[in-house]
Amino acid sequence: MRSTDADLSTPARIRDAAIDTFGTKGFDTGVRAISAAAGVSPGLVIHHFGSKDGLRAACDERVLEIIRDQKLANIREPGPGRMLTALAEVDEYATVVAYMVRSFAAGGPLAESLLEHMIADAEEYLAEGVATGVLRESRDPQARARYLTLANVGAMILHLQLHPVPEDSDHRAALRDVAETLALPALELYTQGLLTDSTMLDGYLAARAPTTQE
């Protein structure tokens, strides 16, 4: 989700242009194309970020900030009003989603770092949800944060891989399709659960329990 160019400093304008460009064209895109999208010289991009990897790291940081802010807003203002607002604004996150999909498809240390930061952030805002009474406690908060991040990101990426967006096309329609496909079953599962009793969980926990040696 971007501010208007008038509200942005030059580094922020370059960073946001890079998020758009990387998301649309992939990470093989050169500095020259990014500088053209930002309306600056290639030298100015290097001046502010040092290298393309430095620019990508700044993009990762901004993407994480946007995701974290949106998730915290949902936690702090629960209820149908906030949920409907978030769904109405889903188009605004198209460039962020496109960037994430490109990053995870490219793989490598930067993609792994992005994922681990997303998981760490998820653990923090899930903990806030527990503290405010919006979410149930977990036996293993860290594992729950990892599972939810992998499940949500994986479902989104698989959906987009099976319904690819042509290069240079707008990702908004694709993101809205993902939201409309996954929102109901996800909310139902998280709210009502899936299993009707605790037999499977009890058996799993019993199997994991350390045995007492006589």
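Before I look at any helix, a definition: helices (H or I, at least four residues) are DSSP runs, numbered from the N terminus. The expected span of a helix is 1.5 Å times one less than its number of residues.

**Ground rules.** I am working with a predicted model, in which local features need pLDDT of at least 70 and side-chain atom pairs count only at pLDDT 80 or more, while totals for chains, interfaces and linings use all residues. I number residues from 1 along each chain as its sequence is written, and my side-chain values use heavy atoms, with hydrogens and water left out.

**Helix 6.** I started with residues 94–106, which make up helix 6. From first C-alpha to last, its 13 residues reach 18 Å, close to the 18 Å expected at 1.5 Å a residue. Next I asked which residues of helix 6 are buried (under 20% relative accessible area, with a 1.4 Å probe and protein chains only; exposed is over 50%, partly exposed in between). I found A94, V96, V97, A98, Y99, M100, V101 and S103. Their cover includes helix 1 (10–25), helix 4 (52–76), helix 7 (109–131), helix 8 (141–162) and helix 9 (172–192), going by contact, meaning heavy atoms within 4.5 Å. After helix 6 I noted G107, whose phi is positive, near 70 degrees.

**Aromatics.** I looked up ring pairs of Phe, Tyr and Trp (its six-membered ring), which need centres within 6.5 Å; planes under 30 degrees apart count as stacked, over 60 as edge-to-face and the rest as tilted. The structure holds three such pairs. F22 and F27 form a tilted one, at 4.8 Å centre to centre and 35 degrees between the planes. F27 also pairs with Y99: their centres are 5.4 Å apart and their planes at 80 degrees, so this pair is edge-to-face. What does the pair tie together? F27 lies in the loop between helix 1 and helix 2 and Y99 in helix 6, so the pair links parts that are 72 residues apart in sequence. F22, F27 and Y99 form one aromatic cluster. F22 and F27 are buried, and Y99 is buried too.

I also checked R56, whose charged end sits over the ring of F27, 3.8 Å from its centre. That label needs NZ of Lys or CZ of Arg within 6 Å of the ring centre and within 35 degrees of the ring normal.

**Cores.** Of the 35 residues in the largest one, L55 and M100 touch the most other members. Helix 4 gives the most to this core, with seven residues. Leaving aside neighbours within four places in sequence, L55 is in contact with I14, R15, A18, I34, V45 and F49. A second, separate core of six residues includes L72, A122, L126 and A145.

**Helix 8.** Helix 8 has 22 residues and reaches 31 Å from its first C-alpha to its last, close to the 32 Å expected. Its buried residues are A145, L148, T149, V153, M156, I157, H159 and L160. Helix 6, helix 7 and helix 9 are among what covers the buried residues.

I ended on T149 in helix 8, buried with a relative accessible area of 8%. Beyond its neighbours within four places in sequence, T149 is in contact with L115, M118, I119, A122 and G154.

Key:
Helix = DSSP H or I, 4+ residues; strand = E, 2+ residues; numbered from the N terminus. Core = buried A, V, L, I, M, F, W, Y, C linked by side-chain atoms within 4.5 Å.
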